[in-house]
Amino acid sequence: MEIELNTIYEAQKIEMKIIEGETKLLQAPKKIQEMDAELNETKQKVEKQKEIIEELEKERNKKEKELETDKDKIKKLEAKLHEVKTNKEYQASLKEIEAAKSTNDRTEEDVLVLMDKAEDIRKDYNASLLHLKKREKEIEIEKNHIEKEIQSMDKIITELKTARNKLLSVVNNHLKSIYMVLVEKRSGLAVVNVKGGVCLGCFMNIPPQLYIEVTKNKELIQCPSCNRILYFTDTE
Ligand SMILES: [Zn+2]
């Protein structure tokens with residue numbers, strides 16, 4: 001019985017590797033999806049920043065054109081100054097020039113503010129773009145890695161299953177059928193070690209007398225709490 005218990009314990013170890021591999025296979029598409037979502041989000045952010053910069057530049061161009069027009073207007077007003085005949089007209093023209101100049105000053109300030117804003121966002125944009133390029137490369141590598149892993153994992157799982165079945169084939173049918181049922185019911189964990197009087201499957205205490213029997217590995221003993229097959233080894 002000791003050999004059989006040891007054999008089924010080894011089968012259990014392989015079982016866990018199979019489950020680990022199958023979990024990885026299941027998670028792979030989700031991982032790829034998550035990475036795609038991350039890239040999309042970053043792309044959208046970069047796109048948004050680009051749009052804002054373009055908006056600010058459009059606004060600045062508009063203001064710069066206004067400046068040109070206003071400067072022309074001031075020149076014309078100043079030329080007109082020489083043609084006025086009365087002091088009243090002269091004063092009125094001066095006022096008009098002054099008003100145009102102060103409008104011009106405000107527009108110039110606006111242009112500067114718009115330039116500053118665009119500059120700030122451009123810095124963010126450049127950083128985001130750099131980050132995007134970096135992540136695109138990293139994610140491409142990671143995806144290739146996952147694809148390769150999926151391919152080799154299929155093969156590994158097949159090999160593991162063969163190895164597990166080979167071990168199970170030399171175990172008596174009673175033990176084997178208990179194992180199969182427990183694998184199904186206990187998320188793949190049917191055989192567990194015991195340590196310090198505790199079942200390492202459910203972490204409940206095993207009655208002392210029973211624990212002593214378990215450590216002998218002489219007979220099939222199941223955990224009174226979780227029903228798992230108990231096997232004792234102190235080499236792990
Ligand atoms: Zn247990």
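## Sheet

The model contains an open sheet of 3 strands, ordered β2-β1-β3 with mixed pairing; strands are DSSP runs of E of at least two residues, helices are runs of H or I of at least four, and both are numbered from the N terminus. Two strands count as paired if DSSP finds at least two bridges between them. Because β2 (198-199) and β3 (229-231) each have a single partner strand, they stand at the edges, and one side of each is left without a neighbour in the sheet.

Strand β1 (residues 191-195) pairs with β3 in the parallel sense over 3 bridges. Valine 192 stands opposite leucine 230 in β3.

## Basis of the model

This is a predicted model, in which local features need pLDDT of at least 70 and side-chain atom pairs count only at pLDDT 80 or more, while totals for chains, interfaces and linings use all residues. Residues are numbered from 1 along each chain as its sequence is written.

## Overall form

The chain has 4 helices and 3 strands, in the sequence pattern α-α-α-β-β-α-β. Its radius of gyration is 40 Å, well over the 18 Å that the globule rule gives for 236 residues, so the chain is more spread out than a compact globule; the radius is taken over C-alpha atoms, and the rule is 2.2 Å times the number of residues to the power 0.38. The C-alpha trace spans about 125 × 40 × 25 Å along its principal axes.

An automatic or database assignment sets the domain bounds, dividing the chain into domain 1 (26-171) and domain 2 (177-231). The centres of domain 1 and domain 2, taken over C-alpha atoms, are separated by 61 Å.

## Helix α3

Helix α3 (residues 173-185) has 13 residues and reaches 18 Å from its first C-alpha to its last, close to the 18 Å expected, that is, 1.5 Å times one less than its number of residues. Just after α3, serine 187 takes a positive phi of about 45°.

## Nonpolar core

The largest nonpolar core has 18 residues, and those touching the most other members are Ile8, Tyr179, Val191, Cys199, Ile229, Leu230 and Tyr231. Such a core is a set of buried Ala, Val, Leu, Ile, Met, Phe, Trp, Tyr and Cys residues joined through C-beta atoms within 7 Å; buried requires 20 or more other C-beta atoms within 10 Å of a residue's own, with C-beta atoms placed from the backbone. Two or more residues come from each of α1 (2-81), α3, β1 and β3, and α1 gives the most, with 4 residues.

Not counting residues up to four places away in sequence, isoleucine 8 touches Val171, Leu175, Tyr179, Val191 and Ile229, where contact means C-beta atoms within 7 Å.

Key. A residue is buried if 20 or more other C-beta atoms lie within 10 Å of its own, exposed if 12 or fewer, and partly exposed in between; C-beta atoms are placed from the backbone. Two residues are in contact if their C-beta atoms, placed from the backbone, lie within 7 Å.
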